[in-house]
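Open your viewer and have the selection tool ready. We will go stop by stop through the aromatic rings.

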Amino acid sequence: MKIKDMKTPQWIYNRCSKYLARHVFNDAHIYTDGQISSTATNITESWRFPIVECIFDDTKENKGYDINEVTFIWCDYSKASDNLMVELFGTFNKLYEPILLQRVEQSMYYAATIEVPKGEVHYYKFRVNGQILLDPINPQRHIDSGNEEWSRFFTENCNIPITLEKWERDLLDRICNHILPFRTEDGQRFIKNYYQLLDSDERRAVAKLDESVGAVNYIDKVLGREESHFLGNYKTCLAIIDRILRNRNSFVEPSEQEAEAFKTLYDQMMNNNVSDWEFQNYGNPRHFIELLRRHTFTGAFCHPKYGGNIGAAGWEYLSERFKDEEGNTLFNWKAAIEKPLGIEQEYHA
């Protein structure tokens, strides 16, 4: 871990004003003791703190690709002091060894930026004038083995599970494979051949995920941050699906049942006609399938930094599938994406 120089005041103000612009200001939604009470804000912008960004140095080949800059911001809403002592500590540093946040000019903001390797999950807290506090503008939380609560963040390309249990991920993988085009014989052959061309680190990532293009890993991450308000939908519906498949075939684990079992249940859910569905727990199975389809396709074809589209396999699949009469691809994704995957020189994640 490396502590960086503080970002410019304008950079910090821009990030904070973007966040505040989404806040719903009225008598019922105000700042109380540093906590943000607006439900609308909590499900739209709060997850953006701390700010995780890529590092790029065009003077050195591949400089910074394996590192993210993470910027933490504390806001003194109460303005109780002209100069607070705001410290940061967490698992990215020697535990309880504090990092001092600097005040941004004479504003109510305090900030610190550190370098953290990609692909990691970390937990942290603030110490403000000696008082230990969670990050009030980051809704991500983690309860450790000692039942202590921490704020949480993860960096790009993270494949460490954070929201879904293994049985949920295994079941979700089977459903996602039914949705995606890679489930065909030709699609599976393409994915297998493509991954043989990846470097050793990317192949290890695929093996660790144990899935075709990382869609489940993307869903696990999006439910931990941007769309955490849908986590309950997944928990409830996956539990219902698990029970249905067990009742229909009590001799085989749900995630290991034949593809036909998933096809039948999927079609029934799409038609909202599942005779053994627990409607009292979730009233619309089609709603869940449509939500899952959106997340699945996004995960398969988004930028790999979000946890899906491992090694850009989804993009390469489209590149091979869509060609003109002369055999040239109609989806030249490499020209639009930065190194190391693409050839674009100006865009950097």
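Select Phe-72. With a relative accessibility of 0%, Phe-72 counts as buried (under 20% relative accessible area; exposed is over 50%, partly exposed in between; 1.4 Å probe, protein chains only). This is a predicted model: local features need pLDDT of at least 70, side-chain atom pairs count only at pLDDT 80 or more, and totals for chains, interfaces and linings use all residues. Residues are numbered from 1 along each chain as its sequence is written, and side-chain values use heavy atoms, leaving out hydrogens and water.

(Rings of Phe, Tyr and Trp, taking its six-membered ring, pair if their centres lie within 6.5 Å; planes over 60 degrees apart are edge-to-face, under 30 stacked, the rest tilted.)

(Strands are DSSP runs of E, at least two residues, numbered from the N terminus.) Trp-74 counts as buried at 9% relative accessibility. Phe-126 counts as buried too, at 0%.

Now widen the selection. Phe-72, Trp-74, Phe-92, Tyr-124, Phe-126 and Phe-153 form one aromatic cluster.

Last stop: charges over rings. Select Lys-125 and Trp-150. The charged end of Lys-125 sits over the Trp-150 ring, 4.7 Å from its centre. (This needs NZ of Lys or CZ of Arg within 6 Å of the ring centre and within 35 degrees of the ring normal.) Then pick Lys-7, which lies over the face of Trp-11 at 4.9 Å from the ring centre.
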